[in-house]
Amino acid sequence: MLQISNIDVYYGDIQALWDVSLRIGDGEIVAVLGSNGAGKSTVMKSISGLLKVRAGHIDFGNIRLDGLPAHHIVELGISMVPEGRRIFPQMSVLENLEVGASTNAARKTRQNTLEWIYEFFTPLKLRAKQKAGTLSGGEQQMLAIGRALMSVPKVLLIDEMSLGLSPIVVQELSGVIQGINKLRKLAVLLVEQDIELALSMASRGYIMENGRIVDQGDAKLMLCNPRIKETYLGIGAEEKAG
Ligand SMILES: Nc1ncnc2c1ncn2[C@@H]1O[C@H](COP(=O)(O)OP(=O)(O)OP(=O)(O)O)[C@@H](O)[C@H]1O
Ligand SMILES: [Mg+2]
């Protein structure tokens with residue numbers, strides 16, 4: 001349903017993506033993996049309309065996304081949880097969530113959307129009136145995800161969900177994401193440095209290096225591929241895998 005075809009993307013004169021192609025099917029979880037500076041966030045920003053696509057195209061069903069303004073892309077059903085969360089610390093949890101209901105359609109269903117988001121993320125309900133800056137790291141990530149969900153997307157882009165969070169919190173969050181994916185038929189594009197986590201959640205994965213896709217495949221096969229393990233999972237992960 002969301003198809004990126006052969007895109008080149010630049011920051012000014014500096015090219016950041018070369019010939020990147022990637023597909024997310026209806027209701028699918030797809031992982032984009034790669035080390036620092038590989039181009040993962042750039043892919044996310046290109047889909048969201050925050051960066052210009054110089055070559056290639058991005059299609060959502062039969063709608064061409066590249067060239068559309070970012071708010072229009074949200075209206076079409078694509079929402080991003082940015083790297084670093086970017087919540088508003090001085091605003092309450094509820095106010096942060098309301099910011100996410102930015103489209104006309106989302107404003108109409110706001111109450112209903114809030115209710116199901118609160119069901120998935122109960123700490124947000126309990127702390128609705130609290131300032132967002134007082135939340136724990138995990139709760140702030142819940143809030144960033146919740147805010148993105150307030151626009152009732154068909155595709156959710158999550159940039160570095162697990163960064164800086166404890167393993168227990170990450171486990172909890174990934175369970176909720178998988179629940180929302182199943183129950184609300186939400187497609188998810190996950191950008192992660194934690195390759196094992198991402199591949200265990202996803203059905204397919206892509207690996208990026210220096211602005212290019214260098215490998216892709218079935219997530220479970222990638223997870224047990226010795227070459228990928230050796231190259232990208234490192235010693236710590238091998239120990240974890242036993
Ligand atoms: N605002 C910017 N201006 C210029 N170059 C940028 C900018 N943002 C990113 N880049 C460059 O584009 C390339 C891809 O960066 P990107 O942020 O997409 O990587 P990433 O895979 O998300 O890395 P990380 O894991 O650190 O988040 C890098 O070479 C980076 O230096
Ligand atoms: Mg990034």
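I count a charge as sitting over a ring if NZ of Lys or CZ of Arg is within 6 Å of the ring centre and within 35 degrees of the ring normal. With that in hand I looked up Arg212, whose charged end sits over the ring of Trp18, 4.6 Å from its centre. I also found the charged end of Arg54 over the ring of Tyr10, 3.8 Å from the centre of that ring.

**Ground rules**

I am working on a predicted model, where local features need pLDDT of at least 70, side-chain atom pairs count only at pLDDT 80 or more, and totals for chains, interfaces and linings use all residues. Residues are numbered from 1 along each chain as its sequence is written, chains are lettered from A and ligands numbered from 1 in the order in which they are written, and side-chain values use heavy atoms, with hydrogens and water left out.

**Helix 8**

I took helices (H or I, at least four residues) and strands (E, at least two) as DSSP runs, numbered from the N terminus. Helix 8 covers residues 167–183, 17 residues in all, and reaches 24 Å from its first C-alpha to its last. That is close to the 24 Å expected at 1.5 Å a residue, the expected span being 1.5 Å times one less than the number of residues.

For burial I used relative accessible area: buried is under 20%, exposed over 50%, and partly exposed in between (1.4 Å probe, protein chains only). In helix 8 the buried residues are Val170, Leu173, Ser174, Val176, Ile177, Gly179, Ile180 and Asn181. I see them pack against several elements, including strand 3 (29–33), helix 5 (110–120) and helix 7 (137–149). Just after helix 8, I noted that Lys185 takes a positive phi of about 55°.

**Cores**

A nonpolar core here is a set of buried Ala, Val, Leu, Ile, Met, Phe, Trp, Tyr and Cys residues joined through side-chain atoms within 4.5 Å. The largest has 47 residues, of which Phe121, Ile145, Leu149 and Met161 touch the most other members. Helix 7 gives the most to this core, with 6 residues. Apart from it lies another core, of 30 residues, among them Val30, Ala38, Met44 and Tyr206.

I then followed Leu149, taking contact as heavy atoms within 4.5 Å. Leaving aside neighbours within four places in sequence, Leu149 touches Thr113, Trp116, Ile117, Phe121, Leu156, Ile180 and Leu186.

**Aromatic pair**

I let rings of Phe, Tyr and Trp (its six-membered ring) pair if their centres lie within 6.5 Å; planes under 30 degrees apart count as stacked, over 60 as edge-to-face and the rest as tilted. Searching the whole structure gave me 1 aromatic pair. Trp116 and Phe120 form an edge-to-face pair, 6.0 Å centre to centre with 90° between the planes. Both lie in helix 5, 4 residues apart, about one turn of the helix. Trp116 is buried, at 10% relative accessible area, whereas Phe120 is partly exposed at 21%.

**Loops**

Thr103 is in the loop between helix 3 (93–100) and helix 4 (104–108), and I list it as buried because its relative accessibility is 6%. A polar atom of the Thr103 side chain lies 3.1 Å from the backbone nitrogen of Ala106.

My last stop was the loop between strand 6 (78–81) and helix 3, where Arg85 is found. Phi of Arg85 is near 70°, and this residue is buried at 13%. Arg86 is in the loop between strand 6 and helix 3 and has a positive phi of about 50°, but Arg86 is exposed at 56%.

How values were computed
Polar contact = N/O pair within 3.5 Å; in protein donor to acceptor, adjacent residues only side chain to side chain.
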